[in-house]
Amino acid sequence: MKISAVVDEGFSQIAIVDISALVSGTDERHIVASEIRQACCESGFFYIVGHGVDEDLQQRLELLSRQFFAQDLETKLKIRMALGGKAWRGYFPVGGELTSGKPDQKEGIYFGVQLGEEHPLVQDGTPMHGSNLFPSNIPLFRETVLEYMEAMTHLGHTLMAGIALSLGLEESYFADRYTADPLILFRIFNYPAYSSPSDSKDKWGVGEHTDYGILTILKQDDSGGLQVKSKSGWVAASPIPNSFVCNIGDMLDRMTGGLYRSTPHRVQNLSGRHRLSFPFFFDPNFNAEVKRIELDGLLINDDKKERWDRASVHDFRGTYGDYVLSKVSKVFPELRRTVL
């Protein structure tokens, strides 16, 4: 299948894609794949509905997360990231994470696939692999997070099959090469409320950035604040009930030679209340070397000069683990010094 690049003249809205045919595996999934292709070429972002993820599970996750962040700092620090070691799991306070060297106005908890001490990757001391840290004083928090991660991992596999079809590839293309055993990174973020709109001016919950891996699946509450960069300006990715916001990351940009672009985005909480978001990163296996997909007639479209970090995703050499560690270590420089 020959793929033609779409000229980016800017976009003013983000597409909504009903993926129910992908979920059920019907013939209409090819129509869904076409819609995904258009969204990935135009903006790199799209909403999904018809995803089948249990609404009660989502509501439980949000409720328990609000309970956690409502606690005092001393209590939350009982599961601080410094206790997670090389697994890079646990809680960080407001200002504890950096974007382009500037502290983000958010706090959060990092999670990943739950691996015991006996797992070979843990035995080898592989960074970003190991056990999660959960609050012991909030019943069902652990069970809910793990159940949600399982549901989202299944959804990630479904979406990657759709993305493969959107590129004219076999549905199993990514699973066969990169995601049979994906690197799963899950975050719960809380963006504090400001006392007045003037207090929030020029304060970014997270500054302009792109995501590192293949696919991000984001649950957000009803506060708003997510903005996506277009040539025509910043576009709001406003909340839509029972939807997820999906965006592609640097590695899919790399694989497709820039046809599918990892689009910069940022967050500013202007809602006057605490904002929760739940980004789920479905990424290549830690030890996989990510290579370009050979698509007929497509040349590399490198946006290095336009990117927020002036770095080319196409020049990188090494495994996905090498890439993600180089990025994450800049986000948490203190943790890098003590853990890596």
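This is a predicted model: local features need pLDDT of at least 70, side-chain atom pairs count only at pLDDT 80 or more; totals for chains, interfaces and linings use all residues.
Two strands are said to pair if DSSP finds at least two bridges between them. Strand 1 is joined to strand 2, residues 45-49, by 4 bridges, and the two run parallel. Within that pairing, A15 stands opposite F46 in strand 2.

These two strands belong to an open sheet of 8 strands with mixed pairing, and the order across it is 1-2-12-9-14-7-6-3. Which strands stand at the edges? They are strand 1 (15-18) and strand 3 (90-92); each has a single partner strand, so one side of each is left without a neighbour in the sheet. From one strand to the next, the twist averages 25 degrees.

I now come to helix 6. This helix lies across strands 2, 6, 7, 9, 12 and 14. Relative to strand 9 (215-220), helix 6 runs at about 130 degrees.

Let us consider the aromatic rings. A pair of aromatic rings is described by the distance of the centres and the angle of the planes. The whole structure holds 16 aromatic pairs. In one of them, the ring centres of F92 and F189 are 6.1 Å apart and the planes stand at 70 degrees, so this pair is edge-to-face. Because F92 lies in strand 3 and F189 in strand 7, the pair ties together parts that are 97 residues apart in sequence. Both F92 and F189 are buried.

Another pair is formed by F186 and F280, with centres 6.2 Å apart and planes at 50 degrees, so it is tilted. Here F186 lies in strand 7 and F280 in strand 14, so the parts tied together are 94 residues apart in sequence. Are these two residues buried or exposed? F186 has 0% relative accessibility and therefore counts as buried; F280, also with a relative accessible area of 0%, is buried. Ring pairs link F186 and F280 into a cluster, whose members also include F68, F69, Y91, F111, F134, F141 and Y148.

Finally, two charged groups meet rings. The charged end of R266 sits over the ring of W234, 3.9 Å from its centre. Likewise, the charged end of R275 sits over the ring of Y191, at 4.9 Å from the centre of that ring.

How values were computed:
Residues are numbered from 1 along each chain as its sequence is written. Side-chain values use heavy atoms; hydrogens and water are left out. Axes are lines fitted to C-alpha atoms, for helices over the stretch in contact, and angles run from 0 to 180 degrees between N-to-C directions. Contact means heavy atoms within 4.5 Å. Rings of Phe, Tyr and Trp (its six-membered ring) pair if their centres lie within 6.5 Å; planes under 30 degrees apart count as stacked, over 60 as edge-to-face and the rest as tilted. Buried means under 20% relative accessible area, exposed over 50%, partly exposed in between (1.4 Å probe, protein chains only). A charge sits over a ring if NZ of Lys or CZ of Arg is within 6 Å of the ring centre and within 35 degrees of the ring normal.
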